[in-house]
Protein chains: 2
Amino acid sequence: MTRKERDSLPLIPRVAANRLSRYLRHLEELSNRGKATTSSHELGKALGVTAAQVRKDLGYFGQFGFPGLGYKISNLIPEIKRILGTDRAWSAAMVGIGNLGNALLRYKGFQAHGFRISALFDINPKLVGRTLEGLTVEPVEQMERVVQDRAIELAILSVPASAAQEVADRLVRAGIRGIYNFAPVQLNLPEEIAYVSIDLAVELEQLAFLVSQRDREPVKRQGVEGSKSVGDL
Amino acid sequence: MTRKERDSLPLIPRVAANRLSRYLRHLEELSNRGKATTSSHELGKALGVTAAQVRKDLGYFGQFGFPGLGYKISNLIPEIKRILGTDRAWSAAMVGIGNLGNALLRYKGFQAHGFRISALFDINPKLVGRTLEGLTVEPVEQMERVVQDRAIELAILSVPASAAQEVADRLVRAGIRGIYNFAPVQLNLPEEIAYVSIDLAVELEQLAFLVSQRDREPVKRQGVEGSKSVGDL
């Protein structure tokens with residue numbers, strides 16, 4: 001897709017984009033199972049939203065459904081990827097190769113969706129120089145040069161909370177465009193830097209909270225919100 | 001805390017509970033740095049919310065702040081833990097010891113917040129019987145017995161999407177009360193089961209989407225929402 005074609009795409013609210021990702025996941029699974037078509041009803045059921053919501057979300061990029069026939073999966077998958085910007089490969093740096101960084105590095109789910117980890121950085125001299133999953137851990141001082149040389153656009157940040165802001169500032173100076181933050185801290189970033197943050201322990205704590213709430217009240221009152229995916233923004 | 005005391009706790013909306021977790025993270029960090037007090041202004045700044053929001057959130061469980069003096073950190077930490085239900089240990093089973101399960105098992109962040117992984121399950125006969133991080137991988141057929149014997153309340157689910165619902169149903173039958181789902185699929189669970197779901201690849205895809213959106217539009221229009229943490233529900 002050319003820049004001009006990309007510019008012509010409609011603007012999508014963030015919450016709808018989140019659902020598009022999840023429609024895509026389900027469509028890929030249906031496709032793997034050999035299915036050729038699906039319906040707004042089926043997609044909605046799989047994701048826990050209404051068929052009307054599915055039609056509205058997919059309506060952002062024109063009419064792909066055929067009344068009574070549903071959506072052709074082989075059309076829908078590339079369209080959603082185009083909208084999400086995952087119709088091309090993305091290069092990411094993994095910053096912080098401690099316990100969580102190491103774990104995330106071994107997780108193959110990112111690669112499966114077109115994300116390639118192409119650099120590793122750490123501040124710890126004991127880690128620098130080591131080879132992990134075919135990549136050598138480089139010192140954070142090399143970040144600016146490596147990010148530019150390898151045209152890396154995204155960074156997966158898994159450093160301790162106390163170091164996260166400083167490392168993020170350095171990533172911004174190096175020209176990174178988006179940060180996927182696992183450090184348990186809120187980062188202050190310039191508006192032009194995209195930002196997604198996950199705190200795995202906070203989410204588990206939320207689960208404990210939801211179980212505790214169920215001890216305190218009849219389920220009905222909490223039910224719908226409590227059973228909602230955190231990804232449901 | 002007795003059951004009766006717990007019952008007397010106020011009901012907290014899910015979005016506020018999410019912020020409570022993040023206040024707690026920040027308070028623990030301040031405490032580690034030797035600080036004794038904080039203010040709604042400081043907490044708000046650290047989390048990217050207003051001081052008024054902080055006062056409102058902390059107001060759910062009475063007045064702990066002193067005008068002009070702020071909050072005493074040593075009071076606030078146990079209070080928030082009590083509200084969240086993390087003032088006690090929680091026992092969790094890890095289900096699915098593939099690539100991601102293995103990674104999550106090595107992540108020490110759960111233990112640091114009072115969550116103990118006390119059983120491992122997998123369906124793969126090659127994995128069953130192996131010892132990982134001091135625990136033996138057991139077959140899913142043993143789930144009901146082990147969950148009851150060890151009084152396990154939570155499950156961390158990292159099985160393939162195609163197996164997730166079936167395994168979740170089995171966990172429910174075994175008496176699990178909350179599921180932390182990493183499988184890229186929406187689970188259908190009874191209302192009484194607490195549920196938090198994270199798709200690590202979907203979130204990275206969202207980051208790519210946000211970067212792509214910035215190519216298409218002036219930053220200002222997307223800024224605030226785009227820079228919001230995904231945890232910000």
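Is B:Val146 buried or exposed? In this predicted model, B:Val146 is buried, with a relative accessible area of 0%. A residue counts as buried under 20%, so the value for B:Val146 falls in that class. B:Val146 sits in helix α8 of chain B, which spans residues 143-149. Leaving aside residues up to four places away in sequence, B:Val146 touches B:Ala119, B:Phe121, B:Glu138 and B:Ile152. B:Ser118 is 28 residues from B:Val146 along the chain. The C-alpha atoms of these two residues are separated by 9.6 Å.

In chain B, B:Ala151 lies in the loop between α8 and β8 (154-157). B:Ala151 is not a glycine, yet its phi is positive, at about 50 degrees. B:Ala151 is exposed, with a relative accessible area of 53%. In chain A, A:Ala151 is found in the loop between α8 (143-149) and β8 (154-157). A:Ala151 also has a positive phi of about 50 degrees, although it is not a glycine. At 53% relative accessibility, A:Ala151 counts as exposed; the cut-off for that class is over 50%.

Chain A as a whole gives the setting for its helices. Chain A holds 11 helices and 10 strands. Of its 233 residues, 56% count as buried. Among contacts in chain A with a separation of 6 or more, 57% join residues 24 or more positions apart.

Helix α4 of chain A covers residues 51-59. Its buried residues are A:Ala51, A:Val54, A:Asp57 and A:Leu58. Seen down the axis of α4(A), these residues fall within an arc of 120 degrees, so they line one face of the helix. They pack against four elements of chain A: α2 (14-32), α3 (40-47), β3 (70-72) and α5 (73-84).

From α2(A), the contact uses A:Ala16, A:Arg19, A:Leu20 and A:Tyr23. These meet A:Gln53, A:Val54, A:Asp57 and A:Leu58 in α4(A). By class, the contact has five nonpolar, one polar and two charged residues.

A further helix pair links the two chains. Helix α5(A) packs with helix α10 of chain B, residues 200-216, at an angle of about 65 degrees. The axes of α5(A) and α10(B) are 8 Å apart. This angle makes α5(A) roughly perpendicular to α10(B). On the α5(A) side, the contact is made by A:Arg82, A:Ile83 and A:Leu84. On the α10(B) side, it is made by B:Glu205, B:Gln206, B:Ala208, B:Phe209, B:Ser212 and B:Arg216. The residues of this contact divide into four nonpolar, two polar and three charged.

The largest nonpolar core has 102 residues. The members that touch the most others are A:Phe110, A:Tyr180, A:Leu200, B:Phe110, B:Tyr180 and B:Leu200. Not counting residues up to four places away in sequence, B:Phe110 touches A:Leu200, A:Ala201 and A:Leu204 in chain A. Within chain B, B:Phe110 touches B:Leu104, B:Phe115, B:Ile117, B:Ile156 and B:Tyr180.

How values were computed:
Residues are numbered from 1 along each chain as its sequence is written. Chains are lettered from A and ligands numbered from 1 in the order in which they are written. This is a predicted model: local features need pLDDT of at least 70, side-chain atom pairs count only at pLDDT 80 or more; totals for chains, interfaces and linings use all residues. Side-chain values use heavy atoms; hydrogens and water are left out. Buried means under 20% relative accessible area, exposed over 50%, partly exposed in between (1.4 Å probe, protein chains only). The arc is that of the directions from the helix axis to the C-beta atoms. Contact means heavy atoms within 4.5 Å. Ala, Val, Leu, Ile, Met, Phe, Trp, Tyr, Cys and Pro count as nonpolar, Asp, Glu, Lys and Arg as charged, and the others, Gly among them, as polar. A nonpolar core is a set of buried Ala, Val, Leu, Ile, Met, Phe, Trp, Tyr and Cys residues joined through side-chain atoms within 4.5 Å. Axes are lines fitted to C-alpha atoms, for helices over the stretch in contact, and angles run from 0 to 180 degrees between N-to-C directions. Angles under 35 degrees count as roughly parallel, over 145 as roughly antiparallel, 65 to 115 as roughly perpendicular and the rest as oblique.
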